[in-house]
Structures are given as C-alpha cells and as structure tokens.
Amino acid sequence: MGVDLQFLGVVESSLGDQGEAPKQADEGAPPATLRIEPEFAACCEGLRAGDEILVLTWLDRADRSVQAVHPRGDINRPLTGVFATRSPARPNPIGLHRVELVAVSGGSGDPRRLRVDALEALDGTPILDVKPVLGAEASLR
C-alpha cells in the first residue's frame, strides 16, 4: 500500500533549526508565513484574517525510527510511546498546528501567503494541508 502526498508549499519562519524551536506554539513561537504554491492558490479562497486554522506539516527533519521518548526531553520522566506525546520524532512525522490567520495575500500566478500568529515549525517545513477549526460558533463552509 502506498501513499501519494503533495506538498502544498512551505513554512517561512525565523526558526532555522530544531534546537531553537519551542515545543509548542504558546511557548514563544514566532509569527510565520505559509507559502502556498500557485497551483494550489484556489484552495485558499474563503480564508480570512481572524480565522483559526489547523496546519498539517511534514516534519522532514524528524527521526522516523523513534517509537518512545522521555516527554519534553526530560529524562526523569518515563519513556512513553510517541503516540501518547506531541514529539516530532515518530514513524510518520506529521505536525498538527492550531494557529490564527493574521493575513492572506498573493494569488494570480503568485504563491498565496498565509500569515499566522505563532508557529513552531522550522523554516522550509513542507505543508501537507490547511483546514478550518470548527467549533460551536464556526459555520460549516
């Protein structure tokens, strides 16, 4: 069984390596831009500043052989299976990021740029998908 994924674009961020990235966005992650390639620009129609979105990324620099970690890198905590943690090191390193959309720009043959408030993904991280956050006050689009 195979999986055929298309990277939609990349993250543009001031975070250059794993050592400087916070573990979660609310721990000091900088604003970032999701650069969506022109062939997927139409996918961005309807997105607006103020929307909460889920960004799925491919954590391309993660170790895919890891199955258990000490949570948050604390060796005083017991080894825990990666499915019970938010570790980027895992068999399929898919990142899940809940962010607020600050601005939308570009289009008409240029990449779309989705500016988000805080994202802990590294510069150049491939983007797999973008989805709206749905909740009690969200409308189904």
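These are legends for a few close-up views of a predicted model.

Residue numbers start at 1 along each chain as its sequence is written. Since this is a predicted model, local features need pLDDT of at least 70, side-chain atom pairs count only at pLDDT 80 or more, and totals for chains, interfaces and linings use all residues, while side-chain values use heavy atoms, with hydrogens and water left out.

View 1. Strands here are DSSP runs of E, at least two residues, and helices are runs of H or I, at least four, numbered from the N terminus. Of the 141 residues, 36% are buried (under 20% relative accessible area, 1.4 Å probe, protein chains only).

**View 2. The largest nonpolar core has 17 residues.** Such a core is a set of buried Ala, Val, Leu, Ile, Met, Phe, Trp, Tyr and Cys residues joined through side-chain atoms within 4.5 Å. Among those with the most contacts inside it are Val-11, Leu-34, Ile-53 and Leu-119 (contact: heavy atoms within 4.5 Å). Strand 2, strand 3, strand 6 (94-106) and strand 7 (112-116) each put in at least two residues, and strand 2 gives the most, with three.

**View 3. Leu-119 and its neighbours.** Leaving aside residues up to four places away in sequence, Leu-119 touches Val-11, Leu-15, Ala-29, Pro-30, Ala-32, Leu-34, His-97 and Val-99.

**View 4. Asp-51 sits in a loop.** That loop runs between strand 2 (32-36) and strand 3 (52-58). Asp-51 is buried, at 11% relative accessible area. A polar atom of its side chain lies 2.9 Å from the backbone nitrogen of Arg-48.

Technical notes
Buried means under 20% relative accessible area, exposed over 50%, partly exposed in between (1.4 Å probe, protein chains only). A polar contact is a pair of N or O atoms within 3.5 Å; within protein, one must be able to donate a hydrogen and the other to accept it, and residues adjacent in sequence count only if both atoms are side-chain atoms.
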